[in-house]
Amino acid sequence: MFYVRYLSEGLAELGHDVEVLSGQPYPEDLDPRVRLTKVPSLDLYREPDPFRTPKLREFRSLTDVLEYLVMATGGFPEPLTFSLRANRLLKRRSDDFDIIHDNQTLGYGLLPILRRRQPLVATVHHPISRDRKVDLAAATTWRRKFSVRRWYGFVPMQARVARRIPFIVAVAGASAADSVADFDLDADRMRARAAGRRHRGVRAI
């Protein structure tokens with residue numbers, strides 16, 4: 001969350017109207033000029049009971065059911081389910097935003113945003129495919145390798161979504177090169193740092 005904290009603070013300092021959409025755990029140290037919009041989930045990884053089984057009354061939508069089923073079968077659902085929830089919120093407020101910035105969610109919920117022609121950029125700090133490669137190399141049994149592949153099941157989704165986003169912001173040249181290589185991105189769509197004009201409102205996922 002340090003990236004979101006300092007990016008939103010810097011944009012507010014420049015005079016932008018900044019809003020952060022966040023799932024749990026919600027950030028507690030945002031700049032006072034930055035608006036926080038909470039996007040509730042089942043919060044399946046909270047302490048002290050991560051990988052918990054929610055009570056039936058906690059399920060409010062099909063996205064909640066999807067979130068639990070993916071977690072219960074060994075996957076990591078948050079990139080997908082957060083993007084779906086964020087899309088529903090952004091659809092209701094489509095006239096409120098000049099720019100939507102995705103902080104490496106890269107979930108399928110971003111695709112309807114693109115279809116609505118809402119301006120969208122994304123930051124990729126580094127492709128999670130690199131983490132998956134390291135974890136697979138360290139796995140010594142077929143059972144462990146299966147578990148690793150299942151946990152990182154969201155990575156192909158991130159690659160597919162990234163290829164649809166007009167511009168990807170990288171935090172360094174190395175991360176840009178890794179993203180181009182692993183996600184098969186067009187290098188011309190990568191930007192090593194953000195630079196742009198003043199906007200009426202800047203919103204960050």
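Figure 1. Of the 205 residues of the protein chain, 45% count as buried, where buried means under 20% relative accessible area, exposed over 50%, and partly exposed in between, with a 1.4 Å probe and protein chains only. The radius of gyration, taken over C-alpha atoms and compared with a globule rule of 2.2 Å times the number of residues to the power 0.38, is 17 Å, which agrees with the value near 17 Å that a compact globule of 205 residues would have. Along the principal axes, the C-alpha atoms fill a box of roughly 50 × 45 × 30 Å. The chain holds 8 helices and 7 strands, these being DSSP runs numbered from the N terminus (helices H or I, at least four residues; strands E, at least two). Residues are numbered from 1 along each chain as its sequence is written. Because the model is predicted, local features need pLDDT of at least 70 and side-chain atom pairs count only at pLDDT 80 or more, while totals for chains, interfaces and linings use all residues; side-chain values use heavy atoms, with hydrogens and water left out.

**Figure 2. The largest nonpolar core.** A nonpolar core is a set of buried Ala, Val, Leu, Ile, Met, Phe, Trp, Tyr and Cys residues joined through side-chain atoms within 4.5 Å. The largest one has 33 residues, and those with the most contacts inside it include Leu 21, Leu 90, Ile 165 and Phe 183. Among the elements that give two or more residues to this core are α3 (78-92), β4 (120-124) and α8 (173-183), whereas α7 gives the most, with 5 residues. With contact meaning heavy atoms within 4.5 Å, and residues up to four places away in sequence not counted, Phe 183 touches, among others, Leu 106, Pro 127, Val 155 and Arg 163. A second, separate core of 6 residues includes Val 4, Val 18, Leu 30 and Val 34.

**Figure 3. Cis peptide bonds at Pro 25 and Pro 48.** The bond that joins Gln 24 and Pro 25 is cis, with omega about -5°, and Pro 25 lies in the loop between β1 (18-22) and β2 (35-38). The bond from Glu 47 to Pro 48 is also cis, with omega near 10°, and Pro 48 is placed in the loop between β2 and α2 (62-72).

**Figure 4. Positive phi at Phe 51 and Arg 117.** Phe 51, in the loop between β2 and α2, has phi near 60° although the residue is not glycine. Arg 117, in the loop between α4 and β4, has a positive phi of about 65° and is exposed, with a relative accessible area of 75%.
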